[in-house]
Protein chains: 2
Amino acid sequence: MASTGVGLIGFGVVGAGFIDVLGRNAEAIRQRLGFDVELLRVADLDIKTDRGIKLPKGMLTTDAMDVISDERIGVVVELIGGVEPAGSLVLEAIRRGKHVVTANKALLAERGDEIFEAAAAAGVNVAFEASVGGGIPIVRVIRESLSVDKITNVYGIINGTANYILTKMDFEGKSFSEALSEAQEAGYAEKADPSLDVDGLDTAHKLVILARLAYGIRVGMDDLYVEGIAGITPQDLEIAEEFGYRVKLLGIAKDVGGAVDLRVHPTLIRDDHLIAFVDGVNNAICVCGEASGETMLYGQGAGRLPTGVAVLGDVVDLVARVRLGVPARPAVTYLEPGLKLLAVDDVVTRYYLRFSTLDVPGVLAQITRVLGDNSISISSVIQKEHAERTDVVSIIMMTHEAKEADVRKALNEVDRLDVIKASTFVMRVED
Amino acid sequence: MASTGVGLIGFGVVGAGFIDVLGRNAEAIRQRLGFDVELLRVADLDIKTDRGIKLPKGMLTTDAMDVISDERIGVVVELIGGVEPAGSLVLEAIRRGKHVVTANKALLAERGDEIFEAAAAAGVNVAFEASVGGGIPIVRVIRESLSVDKITNVYGIINGTANYILTKMDFEGKSFSEALSEAQEAGYAEKADPSLDVDGLDTAHKLVILARLAYGIRVGMDDLYVEGIAGITPQDLEIAEEFGYRVKLLGIAKDVGGAVDLRVHPTLIRDDHLIAFVDGVNNAICVCGEASGETMLYGQGAGRLPTGVAVLGDVVDLVARVRLGVPARPAVTYLEPGLKLLAVDDVVTRYYLRFSTLDVPGVLAQITRVLGDNSISISSVIQKEHAERTDVVSIIMMTHEAKEADVRKALNEVDRLDVIKASTFVMRVED
């Protein structure tokens, strides 16, 4: 039998959570699966900080290679995060025939293909339940339960920090920057650079992973349209609610008939859809299948223990496979003929447009003329005092379905009108 | 290699759905898994009715034994439903070394132990994703993803018909019997005998299965307290909403510290919980883990295609295991030392009580005295005109936490008071 020992690289918050969950459930795992999960080595550059976890003498090392080169170790858990040095370590582990468990969405989104190919060549598994949705078992559900259905649409709230900020803005009328500060105080957003969360990049990383699993397509970060939440005002959230919507930062991967529409942006969702009520740091992912209909998974999208559970689930699964001698399976199966990717210009959706204009007669006529000239038809209009400036007003419009290219062209024209005082703010609608 | 052919017993609504989904996704399954799922025989007493599915000549038979005894068949799918003859056929298939996939919750709840023991003795798998929650992959999630966590609480809306009826009553003010008729017209409730759905028995069957998986306990139908929804009036739903709750028929399995509290009954759920908004025929199941926190799975709990997806997922999984020669795993692992079951008398919860009383002075004093004498303390009171009778009034009380035994004793006394005109109606609260 191949080695079944487990090694961990990255003894940070999630790493400690993984060891904690393993300790609490060792006896139940032994009874359920008939074996022990043997954690043999733990590597971290910092082996001094107390993580509240007692490890046997000699288990800790500052050298990740001590984990990767240990012959007793068959499963390497990578919880460092970030593309490097995590990527090199993962590839080296794979090259040495180790199975890998990782929670590293940035690495998988940026260099997934390289890693999956290396794993296929070495005949090892790469498991990554914890990379999307923390404790929510979305990877297993798409990969196993729903892999026998044709998935038509996957979308979700997969960044808890952005959702926390939007919830604060919505429930307490806070501005984006106030809500961000609170998220930083609460430890949900990074103090040094919160951009990964608020600019939509972390959501995009996870969406790339979900899109590969759901559609069997080759896709990378360059294929996505990504927009964050920094431009949203509390007034936008209020007005969206008047229109019957709530605003969420969504990752969307939609089969629009032979092409996959991939986007990350703040989205208006009808207030009679369950996902509209997913608040705070929680995550939720909806998967629509041709036969299975809409399934939603909701839960804690981050946190040391929920993520630790996801990592441990993968570890247990891989140890069981090694023990049984089950051949490795591909991390992602690319289907042929593959679906194309929809160009963002060809996206068709409804739009929420907020114009910042002078409060003078004829403004509405000028805006609507430009929209009409570009085949954009309007379903509702509201005029409000501007949220931050007293010399301008906000005119908010909901459009009927329109093509992204037409909307961009129209807004380009509108924003050059003399009466327009700031770039028009855009959100998209999922009905 | 052992036989990998698939045979189906029961070509009804779900059986046809299974074959339909298999046909639609055969190519994707071939690419993802590298093999074909070969359906070889289909048995049903009725082989004349057109199910909209074309089968090759000679595939249909009226004799289930043609499926079970076919040496090319390694996986038998049982979709007849009901305890017999399904039970005998499943046991015979197991005895002959066939793996079994079933959607039959009644059979598993009533005779699960016998079937699981037979499967263990024969070294075959019994898979039953479709038995709970239709297209929602709750069995896989509890069995695999969350099996590495300690589950503290499982509860859910797992009967779509009852939820449809409650939703109709709530949104349209319909009485129970009107809403039941509509559910029957819509094909959601059986015309001949809707009791399995409305009396809570179907929910109880599924809860037994969930409780075995979540807690590793031996449990049968006799261990549950079961109550249906027939006693609820639209007024109850309205008043519950005034108190900040919505009413759902829940199956609840809760670890209350060394003992599992197992119940099926209409339940008041706070209206800030996501599950309170699960309406119509949809299902949702919440699983709370010590480490993973609360996870909720939502989706279509019934229907030919969603259930067909669940069945096909199990079939594909078993065929893959047979092909790889993976040893069978137990359907349920009973943990030692096992948790005890909580006696219903020892349940502690909050109660919604509706008293039907004469509209005379002193009634409230008489009722509250009896409650007080039995250590039941009241948190809110509302008096309304009675929903159906003009000579009586409804007094509705929400209690603080109280013991079931005390509540029963108190209501026994209250119901014998002269001013009480009908048995007091009781619902329980989950906060």
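I take domain bounds from an automatic or database domain assignment. The model is a predicted one, in which local features need pLDDT of at least 70, side-chain atom pairs count only at pLDDT 80 or more, and totals for chains, interfaces and linings use all residues. Residues are numbered from 1 along each chain as its sequence is written, while chains are lettered from A and ligands numbered from 1 in the order in which they are written.

**Entry 1, domains.** I found chain A assigned to domain 1 (5-134 + 304-324), domain 2 (138-300) and domain 3 (344-430). Over C-alpha atoms, the centres of domain 1 and domain 2 of chain A are 27 Å apart. I then looked up contacts (C-beta atoms, placed from the backbone, within 7 Å): 14 residues of domain 1 of chain A touch 16 residues of domain 2 of chain A. On the domain 1 side, helix 4 (residues 105-122) of chain A gives the largest share, seven residues; helices are DSSP runs of H or I of at least four residues, strands runs of E of at least two, both numbered from the N terminus.

**Entry 2, sheet.** I traced an open, parallel sheet of six strands in chain A, in the order 3-2-1-4-5-6; strands pair if DSSP finds at least two bridges between them. Strand 3 (60-61) and strand 6 (126-127) of chain A are at the edges with a single partner strand each, so one side of each has no neighbour in the sheet. Strand 1 (residues 5-9) and strand 2 (residues 39-43) of chain A pair over four bridges, and A:Gly7 has A:Arg41 in strand 2 as its bridge partner.

Note on methods. Two residues are in contact if their C-beta atoms, placed from the backbone, lie within 7 Å.
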